[in-house]
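This briefing covers side-chain links in the structure shown below. Please read it alongside the coordinates.

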Amino acid sequence: MSQDTRTPEAVGGRRGATPRKRRRTGRIVLLTLLVLLLAAGGTLYWMYSSIDGNIKAVDIDKALGDDRPEKLPTSGQNLLVLGSDSRAGDNGDLVGGAVGGGRSDTTLVVHIPEGRTQAVAVSIPRDTLVTRPDCARADGTAAPSARRVMFNSIYAQYGPTCVAKTVESISGVRLDHFMEIDFSGFKDLVDTIGGVTVDVKEPIDDKQSGLHLEAGPQKLDGTQSLAFVRTRHGVGDGSDLGRISLQQQFLTALLSEVKKQDLLGSPAKSYKIADSATKALTTDSELASLTALGDFGRSLNGVDPQNMETIMLPVAYDKIDPNRVIAHEPNASQLWKAIREDAEIPASAKKSPATGG
């Protein structure tokens, strides 16, 4: 059996599990920075040639090669969204910035059915143990497949291409596009749109994330928003799974806020949002221009935040290591099958034995 590669910051699992001494970074809910941002303001993007060069590109298709899941005619669009936490540059000024190394703290598979208004976002918990396929290291050498690898470690060790390859391997879903954004870009985006209002179900007092909120509607700025979607000590059982409901709640609030703003009527504000977003954005080569992003955004114009369903990949606590989780079957397979076939997701595929409280 191959070794279990884990990041030292990772904590998760059941109530009562002992936290690691080093502060673990959380994940950020960035989901579709573009699903509504570009849909709302996409028709203006042709004006912004000055920021076209902000976008960084990764040639995912070339790197993955031909050994990939089949693209079904009814599968719609499948987008891999990563929220990265390098803590380099501006990221180091955020709460918990002393944590070193690069990692992906958010992994979402966003499925957009062909010609419909409803979309589905599947969160893959970072503490999930998976079988990683063969991947290339940063120096170009090959790394053989390994079992019981913590999902979050793949980005840190092999980069986004290996994450995409792993997602396709465990899901059988062919990914059409890839997007990645970092912490500082997310903070700037929230501040640029003027904050996001969320309904806090119960008071949150988390010294580690720096978040202190009373119950009730609260308008969060960029720094507070990062803390909200990263906090785990202030909610549930303190595990990685416990914060996913907060991330899903914030996602809907963020998309609703962008949707209701009159970006077309405010070119200056639209420019500021596009500029801050693209500076922190990496995409696949096909989307790495404002023209391509604008076209993609307009193709999603019918997606309404209220019709965005957020689902956590069904997981169960690992019997060997209760601080880790594994895909729960047959629920997980049912979920991926429905996405592959662009079919309705059965209720059983949305149930997860490990909920994080």
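How many aromatic pairs does the structure hold? It holds one, where rings of Phe, Tyr and Trp (its six-membered ring) pair if their centres lie within 6.5 Å. The model is predicted: local features need pLDDT of at least 70, side-chain atom pairs count only at pLDDT 80 or more, and totals for chains, interfaces and linings use all residues. Residues are numbered from 1 along each chain as its sequence is written, and side-chain values use heavy atoms, with hydrogens and water left out.

**Aromatic pair**

- Phe228 and Phe250 make up a tilted pair, at 6.2 Å centre to centre and 45 degrees between the planes; planes under 30 degrees apart count as stacked, over 60 as edge-to-face and the rest as tilted.
- Phe228 lies in helix H6 (residues 222-230) and Phe250 in helix H7 (residues 244-260), so the pair ties together parts 22 residues apart in sequence.
- Helices (H or I, at least four residues) and strands (E, at least two) are DSSP runs, numbered from the N terminus.
- Phe228 is buried at a relative accessible area of 0%, and Phe250 also counts as buried, at 0%.
- Buried means under 20% relative accessible area, exposed over 50%, and partly exposed in between (1.4 Å probe, protein chains only).

**Disulfide**

- The count is one disulfide, defined as a pair of cysteine sulfur atoms within 2.5 Å.
- Cys135 and Cys162 form this disulfide, with their sulfur atoms 2.0 Å apart.
- The link of Cys135 and Cys162 is right-handed, with 85 degrees about the S-S bond.
- Cys135 in strand S6 (residues 135-136) and Cys162 in helix H4 (residues 160-171) are 27 residues apart, and the pair links distant parts of the chain.
- Both Cys135 and Cys162 are buried.
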